[in-house]
Amino acid sequence: MTAIKQALAAFWASFAMDGAAIPAYGEDTPATERAPLPYITFRLDCPDALHTADTAATCWLDARDPAANRKRALLCDQIAARIPPQGVRLPVGTGCVVLARSAAGFITDCAAEHPDAAIGARVGLTLTNYTHQEEPI
């Protein structure tokens with residue numbers, strides 16, 4: 001696992017709901033096919049050193065839970081608080097990556113994209129690589 005992927009995984013795994021950590025997985029991880037809800041998936045696209053790319057994460061919750069919409073709203077509030085308009089710096093080795101809100105849409109609802117009975121929230125972001133090195137993900 002590259003240092004950038006580790007930084008992203010640690011950031012997304014730092015969110016909690018009802019006092020329990022929410023697992024986070026790369027979008028290409030087969031574990032999401034059998035993971036219990038809720039969980040967060042995040043895109044692993046990484047720009048070259050000193051470049052920026054669009055990226056995203058999606059928070060998935062069990063739609064059968066009567067409090068699912070409230071929980072989704074609370075999770076979105078947590079994310080918005082942790083990713084301010086100027087972005088959040090994630091240390092990576094001697095450099096960092098910066099996750100910032102996407103101008104194309106920061107947090108939007110998504111319900112029909114998950115194969116199970118789930119509702120979600122898509123978090124649109126940009127990722128800027130300030131590590132001064134290129135790391136394949």
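Me: Leaving aside its neighbours within four places in sequence, which residues is Arg 72 in contact with?

Reply: Happy to start here: this is a predicted model, where local features need pLDDT of at least 70 and side-chain atom pairs count only at pLDDT 80 or more, while totals for chains, interfaces and linings use all residues. Residues are numbered from 1 along each chain as its sequence is written, and side-chain values use heavy atoms, with hydrogens and water left out. Contact means heavy atoms within 4.5 Å. Once neighbours within four places are set aside, the partners of Arg 72 are Leu 61, Asp 109, Cys 110, Ile 119, Gly 120 and Ala 121.

Me: Is Arg 72 buried or exposed?

Reply: Arg 72 sits in helix H2, residues 68–82; helices (H or I, at least four residues) and strands (E, at least two) are DSSP runs numbered from the N terminus. Buried means under 20% relative accessible area, exposed over 50%, and partly exposed in between, using a 1.4 Å probe and protein chains only. Because its relative accessible area is 12%, Arg 72 is buried.

Me: What is the length of the polar contact between the side chains of Arg 72 and Asn 69?

Reply: A polar contact is a pair of N or O atoms within 3.5 Å; within protein, one must be able to donate a hydrogen and the other to accept it, and residues adjacent in sequence count only if both atoms are side-chain atoms. The side chains of Arg 72 and Asn 69 are joined by such a contact, at 2.8 Å.

Me: Which residue has its backbone nitrogen 3.2 Å from a polar atom of the side chain of Thr 2?

Reply: Thr 2 comes in the segment before helix H1 (3–12). With a relative accessible area of 16%, Thr 2 is buried. The backbone nitrogen 3.2 Å from a polar atom of its side chain belongs to Lys 5.

Me: How far apart are the C-alpha atoms of Ala 80 and Thr 2?

Reply: Ala 80 lies in helix H2 and is partly exposed, at 26% relative accessibility. Ala 80 and Thr 2 are 78 residues apart along the chain, and their C-alpha atoms are separated by 26 Å.

Me: How many disulfides are counted?

Reply: A disulfide is a pair of cysteine sulfur atoms within 2.5 Å. Take Cys 76, buried at 12% relative accessibility: the closest cysteine sulfur, in Cys 59, is 6.0 Å from its own and therefore too far for a bond. By this rule the number of disulfides is zero.

Me: What is the phi of Asp 18 near?

Reply: Asp 18 is found in the loop between strand E1 (16–17) and E2, and it is exposed, at 61% relative accessibility. Most residues other than glycine have a negative phi. Asp 18 is not a glycine, yet its phi is positive, near 55 degrees.

Me: Is the peptide bond from Leu 37 to Pro 38 cis or trans?

Reply: Pro 38 is in the loop between strand E3 (24–26) and strand E4 (39–42). Most peptide bonds are trans. Here omega is near 5 degrees, and the bond from Leu 37 to Pro 38 is cis.
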